[in-house]
Structure formats: structure tokens, C-alpha cells
Amino acid sequence: MNDDATAVCDGWDGSECEGTPHCPPRCPRFVDKEGTRWTIRPARDADEPFLAEMYDAFDRTHRAQGLPPVSRRRCADWVETMLREANNVVAERDGELLGHAMYTPTDAAVPELAVFVHPAAQDRGVGTELCRHVIANAAAADREGLELHVETGNRVARSVYRTVGFEVAERRGDLRMELDLDEPIATEVRWPPLARQGPAEPAVDLSPRDGGPGRSPADD
């Protein structure tokens with residue numbers, strides 16, 4: 001995905017969008033459960049300080065498997081390493097980075113997925129959408145699958161991962177979950193909005209009339 005890819009989009013109503021040759025593996029447009037517009041795009045080197053700032057807002061309850069690191073210096077080093085060695089996407093709202101997901105290492109047949117959402121932006125479907133982008137990017141790069149590790153008691157995260165097709169592969173302390181990229185979801189997440197939502201779905205109403213913004217039909 002690159003910045004030019006979003007230039008082909010002339011609006012946020014994807015009900016008639018059939019995609020173009022310039023589209024990335026998954027449409028960068030996203031409307032969350034509260035009707036707010038987001039862009040999911042590849043991370044850039046220039047995002048490093050803004051991601052570090054995002055992670056400053058995480059307390060221990062928002063960390064998993066020791067990530068993001070607690071120390072500010074270790075966290076900055078980790079962000080720098082991920083931007084260099086992983087395939088990264090970020091969730092951007094009004095120019096502010098509030099989500100980050102990646103798979104690493106990029107040359108592995110079955111790399112590991114990790115996803116993080118700012119505490120203030122959770123429970124809006126952003127994490128699920130970030131996962132879909134990572135799946136689409138990994139499938140486009142001919143990876144065989146994805147895996148992840150999640151704490152057994154983290155029911156919210158486990159539900160998100162099941163929603164996007166991951167299944168438990170191993171129970172040993174934390175859970176290891178896997179997604180085979182031959183599964184249909186690896187193709188479905190790459191469809192344009194019209195194919196994903198269907199022509200009968202109503203357009204998302206983002207105008208201020210009649211009670212304000214509507215909900216994206218793609219955000220399940």
C-alpha cells in the first residue's frame with residue numbers, strides 16, 4: 001500500500017466501489033462502530049516518534065506477552081526494530097496514530113501477528129480491521145499462514161482473533177493460534193467494499209442530519 005493508493009478514492013461511501021488496479025490488498029477506508037472515519041495504511045519511518053507516543057498511554061493492563069515494553073527507551077527500540085524488520089500497518093484518525101499491527105519476520109512462511117490499539121480507541125472495531133489488513137498483506141506476500149500468542153484469560157482478544165479466522169493450535173500457558181492463508185478469509189479480506197458488503201447494503205451516512213453518522217456495515 002502507498003499514499004497514492006488512497007488518491008483513487010473520491011469518498012467514503014463504498015457501497016458501489018468495485019476496486020481499481022491501484023488499490024492495495026485491502027481498502028484503506030474504514031468507518032468504526034461509532035461512525036468515525038479512519039485510514040489504515042503502511043507505517044513509515046517518520047511514524048516512529050508518534051507510535052512511541054501512542055504506546056506511552058498503555059498501562060500494564062493493556063500489555064500482553066511483555067509488549068509493548070514498559071521502559072520508554074526499550075519501547076522506542078522495539079518500535080524502531082518493528083519498523084525495520086516487520087510488515088507494519090497503522091490506524092490513523094484525523095492525523096493521529098491510534099493503532100499499530102504487524103507480522104514478523106517478513107520472510108517467514110508463517111510469521112507472527114501482533115496488534116495494538118490505543119486504550120481510548122478500543123471497542124470500536126479498530127483492532128479487528130487492523131488484523132484484516134495484516135491478513136491481506138500476508139496473503140498478498142504469499143505467506144503460508146499467520147500465528148499469534150494470546151493470554152488464555154484475554155477473552156476480548158481471543159474473540160477478535162476468532163472473528164478473523166484464527167483457531168487455537170496449542171494450549172501451553174498462553175494460547176497459540178494459527179490461520180492458514182489458504183482459508184477463504186484470506187481472499188475475502190482483499191475484496192473491494194462492494195464485494196465484501198454486497199450491493200444491497202446501505203451506504204454509510206456520515207452527514208450530520210438525522211442523528212449524525214451511521215455505522216459501517218463492514219465492521220462486524
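Mentor: Rings of Phe, Tyr and Trp (its six-membered ring) pair if their centres lie within 6.5 Å; planes under 30 degrees apart count as stacked, over 60 as edge-to-face and the rest as tilted. Please note that this is a predicted model, in which local features need pLDDT of at least 70 and side-chain atom pairs count only at pLDDT 80 or more, while totals for chains, interfaces and linings use all residues. Residues are numbered from 1 along each chain as its sequence is written, and side-chain values use heavy atoms, with hydrogens and water left out.

Trainee: Which residues form one aromatic cluster?

Mentor: The cluster is made of Tyr55, Phe58, Trp78 and Phe116.

Trainee: How is a single pair of rings described, and how many aromatic pairs does the rule give?

Mentor: A pair of aromatic rings is described by the distance of the centres and the angle of the planes. In this structure the rule gives 5 aromatic pairs. Take Tyr55 and Trp78: their ring centres are 5.3 Å apart and their planes stand at 65°, so this pair is edge-to-face. Tyr55 belongs to helix H1 (residues 48–56) and Trp78 to helix H2 (residues 72–85), so the pair links distant parts of the chain, 23 residues apart. Helices here are DSSP runs of H or I with at least four residues, strands are runs of E with at least two, and both are numbered from the N terminus.

Trainee: Are Tyr55 and Trp78 buried or exposed?

Mentor: Buried means under 20% relative accessible area, exposed means over 50%, and partly exposed lies in between (1.4 Å probe, protein chains only). Both Tyr55 and Trp78 are buried. Trp78 also forms an edge-to-face aromatic pair with Phe116, at 5.5 Å centre to centre and 85° between the planes. This pair, too, links distant parts of the chain, with Trp78 in helix H2 and Phe116 in strand S5 (residues 112–117), 38 residues apart. Phe116 is buried, as is Trp78.

Trainee: Let us turn to charges. How many salt bridges does a search of the whole structure find?

Mentor: Side chains of opposite charge can pair when their charged atoms come close. A salt bridge is a side-chain nitrogen of Lys or Arg within 4 Å of a carboxyl oxygen of Asp or Glu. The search of the whole structure finds 13 salt bridges. One of them joins Glu34 and Arg124, whose closest N and O atoms are 3.4 Å apart.

Trainee: Why does the pair of Glu34 and Arg124 tie together parts that are 90 residues apart in sequence?

Mentor: Glu34 lies in the loop between strand S1 (29–31) and strand S2 (37–42), and Arg124 lies in the loop between S5 and H3, so the pair ties together parts that are 90 residues apart in sequence. Arg124 is buried, at a relative accessible area of 10%.

Trainee: Which residues are linked in a network of salt bridges?

Mentor: The network links Glu147, Glu170, Arg172, Arg176 and Glu178. Within it, Glu147 and Arg176 meet in a salt bridge at 3.5 Å, N to O. Glu147 is in strand S6 and Arg176 in strand S8 (residues 174–180), 29 residues apart, and the pair links distant parts of the chain. Glu147 counts as buried at 18% relative accessibility, and Arg176 is buried with a relative accessible area of 19%. Arg176 forms a salt bridge with Glu170 as well, the closest N and O atoms being 3.1 Å apart. Glu170 counts as partly exposed, at 27% relative accessibility.

Trainee: What should I note about the backbone between Thr104 and Pro105?

Mentor: The peptide bond from Thr104 to Pro105 is cis, with omega near -5°. Pro105 lies in the loop between strand S4 (96–104) and S5.

Trainee: Where does Asp94 lie?

Mentor: Asp94 lies in the loop between strand S3 (87–93) and S4. Its phi is near 55°, a positive value in a residue other than glycine. Asp94 counts as exposed, at 77% relative accessibility. Asp142 has a phi near 65°, again positive in a residue other than glycine. Asp142 lies in the loop between H3 and S6 and is exposed, with a relative accessible area of 65%.
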